[in-house]
Amino acid sequence: MANTTAMCTSFKKELLNGSHALGTQATNSVRTVTTKDTFNGALYLVTATINSTTEVYSATGELAATGNYTAKGALLTNATVPSTTGTTAFWTPSASLVWTNLTSSGAFDAVLIINNKSTSGGAELAVSVNTFGSQSITAGTLTLTMPTNDATTGLIRLA
Amino acid sequence: MAIAFIQSKQNTASTTSVAITFTSNNTAGNLLVVGVEANSTSSVITVSDTLGNTYSSAIGPTQINGGGNQWIQIFYVPNCLGGANTVTASNSSATYMNIVGAEYSVVKTASPLDGAGASAAGNNATPASGTFTVTVDDLIVGFALLSNMVAGSGFTSRGTDTYSMLEDKITSSTSANATFTADSGNWAAQGVAFLPIVDVTVSLTGVLATASVGTIGIAIALALSGVSGTVSAGNITASGGVTQGRADLYLGHKTVVTDNLVTLG
């Protein structure tokens, strides 16, 4: 079992279905204005298995909801609208994900981005899995810094 | 961030208890360390405070060399409560007590002790806890009993009645020894280590999906009249035996043009 960095395959389909609004969409001839969705980042233990096949949020393998960590993680700051450069569209949360005074229930190495407003069977739709080196923390501050929001490093990119 | 000393206070009393009141309010989440000396036939020392913190023994009690009626012990509270605070140490048989309390920030709020520390007793002018294993950036706290105490090299005194002293330092080594200098005589010394809070910063890497657009297929099938068999073009097949030709223009899988076009005699 392992976690693997990937854009969730279901997310791609859901983009075609209009299930996700990463930014606010202006009114056009077909649709009325769409308020952007809110997204969370949830932390997963190294023993979990989340990857491109992950379709929705699941508590299985997530850090235990103790202390300053709550189920489904923390809210992403989304003040940056999706943009394009050349032929690539991209989107990145506008601030780091931060947990203070966090004690992890085990080693963790992945964050699952989920859509709080778009669900399937009551579970939040998965966007992406972003992995990093195994970490453990005791009563410390965990900061997940976002990549630069551009066409080559943005958190979510479509080329 | 490194562990930081916030404040300390010291007091003595010739009775069974002694108290200090921190000059400034304690900050919730900090570490409180209390060193206590008791001149007593009893080794049992207890510590409490007005905030309601629960004190644990970090090490000791340790008896002065030679079996005299003098004891030292270090207590601690991780993740302390915040507010004005008076700390009291008691020993039911004490005739003299010294207390030194210190507050530190950026110390682990759960299980902050790094190992068991060390303690020793001896007779000379250089009290020392003895060597114990620690972690780089640990807070090393020493407490010792002798007369005219001076903090050891690299250590800072946080309070003394000249007979017992609490000292500390942040270590850059994986080995520690709480050392002092003093008048020559019987002594007892202790050393313990506390772990700092270690923050974690991780840089996320984005994910890329490559989008592609499908190719629209165009196929024209032409069947000739009077010809038996099958004529194919692209993925379109017209079966034979027909008397009339037909051409179909397909875009993908959808027929967009169907018409009779050719008739051959």
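## Contacts and overall make-up

Two residues are in contact if their C-beta atoms, placed from the backbone, lie within 7 Å. In this predicted model, contacts in chain B between residues at least 6 apart in sequence are, for 70% of them, contacts that join residues at least 24 apart. For chain A, residues 24 or more positions apart account for 71% of the contacts with a separation of 6 or more.

Chain A holds 1 helix and 10 strands, and its elements follow one another along the sequence as β-α-β-β-β-β-β-β-β-β-β. Chain B has 24 strands and 0 helices. Of the 159 residues in chain A, 36% are buried; in chain B, with 265 residues, the buried share is 41%.

## Confidence of the prediction

The model as a whole scores ipTM 0.90 and pTM 0.67. Chain A has an average pLDDT of 93, with 97% of its residues scoring at least 70. Among the elements of chain A, the highest mean pLDDT, 98, belongs to strand β2 (residues 39-45), and the lowest, 92, to strand β6 (residues 97-102).

Chain B has a mean pLDDT of 88, and 82% of its residues reach 70 or more. Over residues 249-265 of chain B, pLDDT stays under 50. For that stretch the model has 32 contacts beyond four places in sequence.

## Where the chains meet

The contact between the chains involves 18 residues of chain B and 30 residues of chain A. On the side of chain B that touches chain A, β18 (200-203) and β19 (207-209) of chain B each supply at least two residues. The largest share, 4 residues, comes from β18(B). By residue class, this side of chain B divides into 10 nonpolar, 6 polar and 2 charged residues.

Strand pairing also links the two chains. Strand β9 (residues 140-145) of chain A pairs with β18(B) in the parallel sense, over 4 bridges. Within β18(B), T201(B) is the residue that stands opposite T143(A).

## A sheet with strands from both chains

An open sheet of 4 strands is built in the order β4(A)-β5(A)-β10(A)-β19(B), and its pairing is mixed. At the edges stand β4 (83-85) of chain A and β19 of chain B; each has a single partner strand, so one side of each is left without a neighbour in the sheet. Direction ignored, neighbouring strands of this sheet are turned by 25 degrees against each other on average.

Inside this sheet, strand β5 (residues 88-91) of chain A and strand β10 (residues 156-158) of chain A run antiparallel and are joined by 3 bridges. W91(A) has I156(A) in β10(A) as its bridge partner.

## A hairpin in chain B

Strand β13 (residues 156-160) of chain B and strand β14 (residues 164-170) of chain B run antiparallel, with 4 bridges joining them. One of the paired positions is T156(B), whose bridge partner in β14(B) is D168(B). The hairpin of β13(B) and β14(B) has 3 residues between the strands, and T162(B) takes a positive phi near 75 degrees there.

Definitions and conventions
Residues are numbered from 1 along each chain as its sequence is written. Chains are lettered from A and ligands numbered from 1 in the order in which they are written. This is a predicted model: local features need pLDDT of at least 70, side-chain atom pairs count only at pLDDT 80 or more; totals for chains, interfaces and linings use all residues. Ala, Val, Leu, Ile, Met, Phe, Trp, Tyr, Cys and Pro count as nonpolar, Asp, Glu, Lys and Arg as charged, and the others, Gly among them, as polar. Two strands pair if DSSP finds at least two bridges between them. pLDDT is the predictor's confidence in each residue, from 0 to 100. Axes are lines fitted to C-alpha atoms, for helices over the stretch in contact, and angles run from 0 to 180 degrees between N-to-C directions. A residue is buried if 20 or more other C-beta atoms lie within 10 Å of its own, exposed if 12 or fewer, and partly exposed in between; C-beta atoms are placed from the backbone.
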